[in-house]
Amino acid sequence: MGHFLTTKQWYENDKDLFGRSPSVISYDYEEQQPITQNRSAWFAGLSDEAGAASWLAAMMKQVLQPDPQEIAKLKRFINETLYGRIQHREGDKKYGVVKSLFYYEPDSMPPGTYRSDINWKTWSAWPKKEADDIGRSYNYPHVAAAHWVMYRLARNYTNLVNEESWQTYLERAYQTSIAMVEKAPYYAQFGQMEGSIFLIVLNDLRKEGLTLMADNLEAAMRKRAEHWKTLNYPFGSEMPWDSTGQEEVYLWSRFFGFDEKAQVTLNAIIAYMPTVPHWGYNGSARRYWDFVYGGKLSRIERQLHHYGSALNAIPVLTAYRDHPDDFHLLRIGHAGMMGALANVTEDGFGPGAFHSYPSTLANDGISGDYGTGFYGYAVNSGTYIVEHPEFGWLAFSGNLKTEKHQIKVALTTASKGRLFLAKENLWLTTDAGEISELHYDQKDRSVTLVLNRDSSQNMANILLNVNPESHYEVEGMSKDQMNRYEIPLSMKTIKLKKLK
């Protein structure tokens, strides 16, 4: 997928009149060509979900499997196109994010700029004033996530991102988060798709000791959460039928201790996120409308594994880690999370969703808003190991075998940097590096990790986080200033022991 996004969907055109080069641009898989013009401006404009999603997917892929060749192109996109064009970099609109770089304004453009075979007489063919508007809050999380990825690569790897300091990228992520509230306040009253990025940014600001920025961001987000607390059903959205507000509303309500609102929000997700023995419906949050706003075959239809699936899986799996006895949460959360990969073609194209109508049963023809769902996979995917009262030991996203009192699990999903051992409430995550296997000794409750040294490209150390609630620590190692274990690449295995 990363290769497809940075080759087939890579757009480079020095003569582009809309400032979109270089970039990862929307793609028509049926025509096998990039979408540079469309009657809906945002499709070709690198913002809004159907315009931003492709470059967002390319960025988020680097969180799981950083690739120097792909990153080299994405750095150009960030420095030449995103920061300064999609997002203002100076003036009174600094950090504001526009709705589209592409617009329809034939009187101000050279003759022949626009295709004559497209019907431009529609509300969605935005003029420049509409395209330049910075008041749509939903465009900000995409940009904040891109800056955060650059921070992570600059911070945790060597020689991948040196153009700016990691502090600069993290501050841009922070400023983008604040700008959403200040420059796009109307829709900011609702939960945002990918809104979990703001909590991720806050947590990293705290870890880095950037207290002033962290306090400002937390205060701004608390105001929003306080508003949600006053509502019976706090997860409204830009469109009343959306199922995208729940992700962020749940996480902030949980963070601030508004437990009743968190539970109401989780209950809503459980109601529309089914467990069904079918690849397309299992964990697929109900969504019907976005083929109209982000699809090629435009109609109202049950979309299979639209981005709502993987985004809604974020609160569900978060809730599961808080309540590891609730097997239903694991089933639907894992299914929704994995749904983000379900429609990707063998050559790496990700469509907005799969058409469920029996007369079609096929991927949509264009990339649409796919990357928004892949964001949910990138920040939330992991391997879950559980001892079920009826079925015994199970691994979700892993191959499990039992040898006497040893439980051995080989990680199988692309994200080999997150592991949850439910019985011990042990949540392991890596900021750099991969885990190949987990071995759990049921007698002494020790955990051994087999590390994947093949993934050590551009790393100084494997960086491991162990949740303090588990009361586990790595034997013979101390933590760094960010409370992580820095594991030398020479080590093939490490052992964790339970303190209590």
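Student: Which residues in helix 15 are buried?
Tutor: This is a predicted model, so keep that in mind throughout. The buried residues are Tyr 370, Gly 371, Thr 372, Gly 373, Phe 374, Tyr 375, Gly 376, Tyr 377, Ala 378, Val 379 and Asn 380.

Student: Okay, and which helices do the buried residues of helix 10 pack against?
Tutor: Helix 10 covers residues 246–255, and eight of the 10 are buried, so it is largely enclosed by the rest of the structure. Those buried residues are Gln 246, Glu 247, Glu 248, Val 249, Tyr 250, Leu 251, Trp 252 and Ser 253. They pack against helix 8 (196–207), helix 9 (211–229), helix 11 (259–272), helix 13 (307–322) and helix 15.

Student: Is Asn 343 buried or exposed?
Tutor: Asn 343 is found in the loop between helix 14 (327–342) and strand 6 (354–355). Leaving out residues up to four places away in sequence, it touches Trp 279, Leu 304, His 305, Phe 349, Pro 351, Ala 353, Phe 354 and Asn 363. The cut-off for buried is under 20% relative accessible area. Asn 343 has 5%, so it counts as buried.

Student: Let's move to helix packing. How are helix 2 and helix 3 oriented to each other?
Tutor: Helix 2 (residues 48–64) and helix 3 (residues 68–82) pack at an angle of about 130°, with axes 11 Å apart. Angles from 65 to 115 degrees count as roughly perpendicular and those over 145 as roughly antiparallel. The pair is therefore oblique.

Student: And how many nonpolar residues are in that contact of helix 2 with helix 3?
Tutor: The crossing of helix 2 and helix 3 is left-handed. Helix 2 brings Trp 55, Ala 58, Met 59, Lys 61 and Gln 62, while helix 3 brings Glu 70, Ile 71, Leu 74, Phe 77, Ile 78 and Leu 82. By class, one is polar and two are charged, and the nonpolar count is eight.

Student: What about helix 3 with helix 5: which residues of helix 5 make the contact?
Tutor: Helix 3 and helix 5 (residues 140–156) pack at about 130°, with their axes 12 Å apart. That makes helix 3 oblique to helix 5, and the crossing is left-handed. Helix 3 contributes Ile 71, Lys 75, Ile 78 and Leu 82, and helix 5 contributes Val 143, Ala 146, His 147, Met 150 and Leu 153.

Student: Last one: which residue in strand 11 stands opposite Gly 398?
Tutor: In general, strands of a sheet pair through backbone hydrogen bonds. Here, strand 10 and strand 11 (residues 406–411) pair in the antiparallel sense over six bridges. Opposite Gly 398, strand 11 has Leu 411.

Conventions:
Residues numbered from 1 in each chain as written. Predicted model: local features only at pLDDT ≥ 70, side-chain atom pairs only at ≥ 80, totals over all residues. Heavy atoms only, no water. Pairing = 2+ DSSP bridges. Helix = DSSP H or I, 4+ residues; strand = E, 2+ residues; numbered from the N terminus. Buried < 20%, exposed > 50% of the residue type's maximum accessible area, 1.4 Å probe, protein only. Axes fitted to C-alpha atoms, helices over the stretch in contact; angles between N-to-C directions. Parallel < 35°, antiparallel > 145°, perpendicular 65-115°, else oblique. Left-handed = near helix turned anticlockwise from the far one by under 90°. Contact = heavy atoms within 4.5 Å. Nonpolar A, V, L, I, M, F, W, Y, C, P; charged D, E, K, R; others polar.
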